[in-house]
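Trainee: I have just opened this entry and would like to understand the words used to describe it. Could we go through them together?

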Amino acid sequence: MKSAVPSSGGTFQPLRHRSGTMRDRLHGYTKRTLGAGGSVTEAVRLPPGESCAGWVAVHAIDFYNDVSTIWAVMSTDPYLNSFRPGEGFPSGVEYRWSEGSGNNATTISVSAPIYIEKVLQWIADQINDESKFPDDDDETNALRVFQTPQFAALCGQIFRRLFRVYGIIYSSFFGTLEALGMAPHLNTAFKHFMFFCTEFGLLPEREIEPLEVLVKPIRKQYYMSKQPSSSK
């Protein structure tokens, strides 16, 4: 897997799925479903005969790529330097960054742009760690790791942090992205992300509450699309 590291401009490069691997196969299934005019509901549904853990693993990478691509559009904007620690987050919340673990863990207040960059770097580090996201040339071994409670907890943290990044982008940077013509792409990516998270119960309600106004109509679309009479 190609590493994702900050470029000289501070942006993040998407991670690639190596041809012929399980992750490439599952990624291709999603692309074919959406490319053939399939609905987002169909695209997030677990393909027959595939592992749910593997399906979540490949989407953790794909959704990271979506967010890093969106953030790269504006990550070098000098405006980002105007935010002080604690600023730029959705109304009523401040996402603080935790470093270290156990007795050495510390929580620090950072600005929203710094928080996003730390999240993207942290996710890239997890995905590039073979002990956490093993190379799936050996699909059996990869699935053995993907199906552990530790991996489920890691993916839960990845999805929660990606959700927070979307929340920051919508609350503080939507106008900028709209002016750049990126709003449709942002909205499509977030809808796909939320449909997937809702399908597999990846976000606790307490995480969603600060962004309920944004999330509620998307979840309503999801539940309506699941109705038997729906043509979506």
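Trainee: Why is Ile 169 called buried?

Mentor: Ile 169 has a relative accessible area of 1%. Buried means under 20%, so with 1% Ile 169 counts as buried. Keep in mind that this is a predicted model.

Trainee: Where does Ile 169 sit, and what does it touch?

Mentor: Ile 169 belongs to helix H6. Leaving aside residues up to four places away in sequence, Ile 169 touches Ile 70, Trp 71, Ile 116, Phe 174, Leu 177 and Leu 186. Pro 90 is 79 residues from Ile 169 along the chain, and their C-alpha atoms are separated by 8.9 Å.

Trainee: How do you know how H3 is oriented relative to H6?

Mentor: Helix H3 covers residues 52-72, and its axis comes within 10 Å of the H6 axis, crossing at roughly 25 degrees. Angles under 35 degrees count as roughly parallel, so H3 is roughly parallel to H6. The crossing of H3 and H6 is left-handed.

Trainee: What makes up the contact of H3 with H6, by class?

Mentor: It has 19 nonpolar residues, one polar and one charged. From H3, the residues include His 59, Asp 66, Ile 70 and Trp 71, and they meet residues of H6 including Phe 159, Ile 169 and Leu 177.

Trainee: And H4: why is its direction described as it is relative to H6?

Mentor: The axes of H4 (residues 112-127) and H6 (residues 149-179) come within 10 Å and cross at roughly 150 degrees. Over 145 degrees counts as roughly antiparallel, so H4 is roughly antiparallel to H6. H4 and H6 also cross in a left-handed way.

Trainee: Which residues are involved there?

Mentor: Among them are Ile 116, Trp 122 and Gln 126 in H4, which meet residues of H6 including Gln 157, Arg 161, Arg 164 and Ile 169. The contact of H4 with H6 divides into 14 nonpolar, two polar and two charged residues.

Trainee: How should low values be treated?

Mentor: Where pLDDT is low, the predicted coordinates should not be read in detail.

Methods
Residues numbered from 1 in each chain as written. Predicted model: local features only at pLDDT ≥ 70, side-chain atom pairs only at ≥ 80, totals over all residues. Heavy atoms only, no water. Axes fitted to C-alpha atoms, helices over the stretch in contact; angles between N-to-C directions. Helix = DSSP H or I, 4+ residues; strand = E, 2+ residues; numbered from the N terminus. Parallel < 35°, antiparallel > 145°, perpendicular 65-115°, else oblique. Left-handed = near helix turned anticlockwise from the far one by under 90°. Contact = heavy atoms within 4.5 Å. Nonpolar A, V, L, I, M, F, W, Y, C, P; charged D, E, K, R; others polar. Buried < 20%, exposed > 50% of the residue type's maximum accessible area, 1.4 Å probe, protein only.
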